[in-house]
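Please brief me on this protein chain.

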Amino acid sequence: MATAQLTASSISVSARNLSSFEGLRASNVKFASFKPAGGFALSQRPFRCLVVKAATVVAPKYTSIKPLGDRVLVKIKTVEEKSEGGILLPSSAQTKPQAGEVVAVGEGKSIGKTKLDISVKTGARVVYSKYAGTEVEFDGSSHLILKEDDIIGILETDDIKDLKPLNDRVFIKLAEAEEKTAGGLLLTEATKEKPSIGTVIAVGPGPLDEEGNRKALPVSPGSTVLYSKYAGNDFKGSDGANYIALKASDVMAILS
């Protein structure tokens, strides 16, 4: 049987610019020639792999960050280190923050000939989409630069059920998951189907048209709606209920 020899001397990995975080970056990795005993060699070909980036660190010599356009700078809320029962959480179990305080805003955006200011103000506590924006380390704290449209709503209390949605967002309290199958069998938590029906708690003022006017949403608080199953951002309130914030376009029907 033929034998093969693999040398590792020519393996090289590019790891430059790991201090920035904007998603995933491809780097070239080159493997050594693979030489079977028959005397031929496979050609060396680089292939692309993915390298995770860390948050961009802003040097201390810079004392301020001014977002441009419709971008907003948010100071991220610290990750909770304890569960509601007081148990310390390991890093892998800590919930990624989705809330923070607005510390700076851009000059706004233009729709046609209309100039629109950012709809959130400095000092507001906001909730944003889970994977939105670019994280930066600035002035000793974690911040996020994101688009205004990535902000789900304004939170004036410590309870998510009091969220005030922005733009075309709809805030829904989920219906309870079914406890039994149609045949009467009890379901465990793992087998319960995620509900896609809920009651509208609050709605945003609506999207802007080309003249800068708000267009009212087709649903209102109190409506029972059917929505896309995998849309939006999920939250749990202090009352133990489950909530979801999603775009009005993800609401498929009103039930009555």
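The briefing below goes from the whole chain to single residues.

This is a predicted model, in which local features need pLDDT of at least 70, side-chain atom pairs count only at pLDDT 80 or more, and totals for chains, interfaces and linings use all residues. Residues are numbered from 1 along each chain as its sequence is written, and side-chain values use heavy atoms, with hydrogens and water left out.

**Whole chain**

- The chain has zero helices and 21 strands. Helices (H or I, at least four residues) and strands (E, at least two) are DSSP runs, numbered from the N terminus.
- Of the 256 residues in the chain, 34% are buried. Buried means under 20% relative accessible area, exposed over 50%, and partly exposed in between, with a 1.4 Å probe and protein chains only.
- Among contacts between residues at least 6 apart in sequence, 62% join residues at least 24 apart. Contact means heavy atoms within 4.5 Å.

**The six-stranded sheet**

- Six strands form an open sheet in the order β19-β20-β16-β17-β18-β21, with antiparallel pairing. Two strands pair if DSSP finds at least two bridges between them.
- β19 (233-236) and β21 (251-255) are the edge strands; each has a single partner strand, so one side of each has no neighbour in the sheet.
- From one strand to the next, the twist averages 40°. Axes are lines fitted to C-alpha atoms, for helices over the stretch in contact, and angles run from 0 to 180 degrees between N-to-C directions.
- Three bridges join β17 (residues 197-203) and β18 (residues 224-227) in the antiparallel sense. G198 has V225 in β18 as its bridge partner.

**The aromatic pair**

- The whole structure holds one aromatic pair. Rings of Phe, Tyr and Trp (its six-membered ring) pair if their centres lie within 6.5 Å; planes under 30 degrees apart count as stacked, over 60 as edge-to-face and the rest as tilted.
- The ring centres of F171 and Y243 are 5.3 Å apart and the planes are at 10°, so this pair is stacked.
- F171 lies in β16 (residues 169-174) and Y243 in β20 (residues 242-247), so the pair ties together parts 72 residues apart in sequence.
- Both F171 and Y243 are buried.

**Nonpolar cores**

- The largest nonpolar core has 15 residues. Such a core is a set of buried Ala, Val, Leu, Ile, Met, Phe, Trp, Tyr and Cys residues joined through side-chain atoms within 4.5 Å.
- V72, V74, V102, V120, V126, L146 and I151 have the most contacts inside this core.
- Two or more residues each come from β7 (71-76), β8 (99-105), β11 (125-128), β13 (141-147) and β14 (151-154). β7 gives the largest share, three residues.
- Beyond four places in sequence, V120 touches V72, V102, V105, V126, E148, I151, I154 and L166.
- A second, separate core has 13 residues, including V170, L217, I244 and V251.

- N233 lies in β19. N233 is buried, with a relative accessible area of 15%.
- The N233 side chain makes a polar contact with the side chain of Q98 at 3.2 Å. A polar contact is a pair of N or O atoms within 3.5 Å; within protein, one must be able to donate a hydrogen and the other to accept it, and residues adjacent in sequence count only if both atoms are side-chain atoms.
- F138 sits in β12 (residues 134-138). F138 is buried at 10% relative accessibility.
- F138 and V58 are 80 residues apart in sequence, yet 5.3 Å apart from C-alpha to C-alpha.
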